[in-house]
Amino acid sequence: MGDQADWMSQLCPRLWDVPLHHLSIPGSHDTMTYCLNRKSPISRACSWILHLLGRVVPFITGPVVMKWSVTQTLDVTQQLDAGVRYLDLRIAHAPGGSARNLCFVHMMYTKVLVEVNFEGMTQEQHDYLVGCIMNIFGDLLCPSGEVPSLGQLWAREQQVIVSYEDEATVSRYDQLWPAIPYWWGNAVKTDVLLQFLETMKGHGRPDGLFVAGINITENLCYVLLHPVDSLEETTRRSLPLMTKWVCAQQPGQSPHCTNIIAGDFVGADGFVSEVISLNRKLLSP
């Protein structure tokens, strides 16, 4: 496949006219969690039990929660260079901060502020965030509408599609796309997760862009019963089954086809290249 940083331009030219929702695209789940550290505040969306433990035994709770909150070790640039083209950004307003003190979140708040699933945000804060996005990307943004092909994006000199989960905000800005459906299995066992994804495929794919998430999800009980384990170790143990599932997928427009496949720890051997390689199936007779 060559250099994965430029894999889209290296696709067979026959695929440049295929709409993005019919291609196989690698993505990262909870893209920004590489920013977390042991002193990161626990999200207010988490269980009150975690908050209590965080106050009583912070020197234990912080490290344990962080091990189950971090889903990526590569930063954004490294993920893009690895070939990832779908970024999952959860943005929150951290309690106690200024109105524009927005940060990334997954069980814990990052210390990285957002200068560009929302938690605790007002409409004014949504408008501020959208303004930052438009100032940063400008004409590179692809307005909402029919899902484009790579060729169409290149012809228009557009590079970014922003899917935004707040419907009221989306209705006010042509530059925002509605939320992209994310198939989330909410399972800590790999076989249960993959069965969920197969069940969703059986119901038929959405009409536009959508994500199949091959990310393990723990619950509080599991975390407390496995304090020496971590999400990364659990994910790596699940890789053989996940890899087998990924390799069996088919991009395209039929009801059982997949589109974006997002995972944790996308730097793990083979994940991105396996998702990209699925596009070769579109060239088969």
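Biologist: Does Gln158 count as buried, partly exposed or exposed, and at what relative accessibility?

Modeller: Gln158 counts as buried because its relative accessibility is 13%, where buried means under 20% relative accessible area, exposed over 50% and partly exposed in between, with a 1.4 Å probe and protein chains only. Before going on, please keep in mind that this is a predicted model, in which local features need pLDDT of at least 70 and side-chain atom pairs count only at pLDDT 80 or more, while totals for chains, interfaces and linings use all residues. Residues are numbered from 1 along each chain as its sequence is written, and side-chain values use heavy atoms, with hydrogens and water left out.

Gln158 lies in the loop between α5 (150–156) and β6 (162–163); helices (H or I, at least four residues) and strands (E, at least two) are DSSP runs, numbered from the N terminus. If neighbours within four places in sequence are left aside, Gln158 is in contact with Asp139, Leu140, Leu141, Cys142, Pro143 and Leu153, contact meaning heavy atoms within 4.5 Å.

Helix α4 covers residues 123–137, and its 15 residues, at 1.5 Å a residue, should span 21 Å, which agrees with the 21 Å between its end C-alpha atoms; the expected span is 1.5 Å times one less than the number of residues. The buried residues of α4 are Gln125, His126, Tyr128, Leu129, Val130, Cys132 and Ile133. As background, an α-helix has 3.6 residues a turn, so residues three or four places apart point the same way.

Thr169 is buried, with a relative accessible area of 0%, and, apart from neighbours within four places in sequence, Thr169 is in contact with Gln123, His126, Val130, Tyr164 and Leu176.

Another buried loop residue is Arg205, which counts as such because its relative accessibility is 11%, and which lies in the loop between α7 (190–203) and β9 (211–213). Its contacts, neighbours within four places again left aside, include His21, His22, Trp183, Phe210 and Asn259. Arg205 and Pro181 are 24 residues apart in sequence, with their C-alpha atoms 9.8 Å apart in space.

Strand β9 belongs to an open sheet of 5 strands in the order β2-β1-β10-β9-β8, with parallel pairing, two strands being paired if DSSP finds at least two bridges between them. The edge strands, β2 (86–87) and β8 (182–183), each pair on one side only. Within the sheet, β1 (residues 25–28) and β10 (residues 260–263) pair in the parallel sense over 4 bridges, whereas β9 and β10 pair in the parallel sense over 3 bridges. Ile260 of β10 stands opposite Ile25 and is also the bridge partner of Val211, while Ile261 is the bridge partner of Pro26. Ile260 and Ala262 point one way from β10 and Ile261 and Gly263 the other way, and all are buried.

For the whole chain, there are 10 helices and 10 strands, and buried residues make up 47% of the 285 residues.
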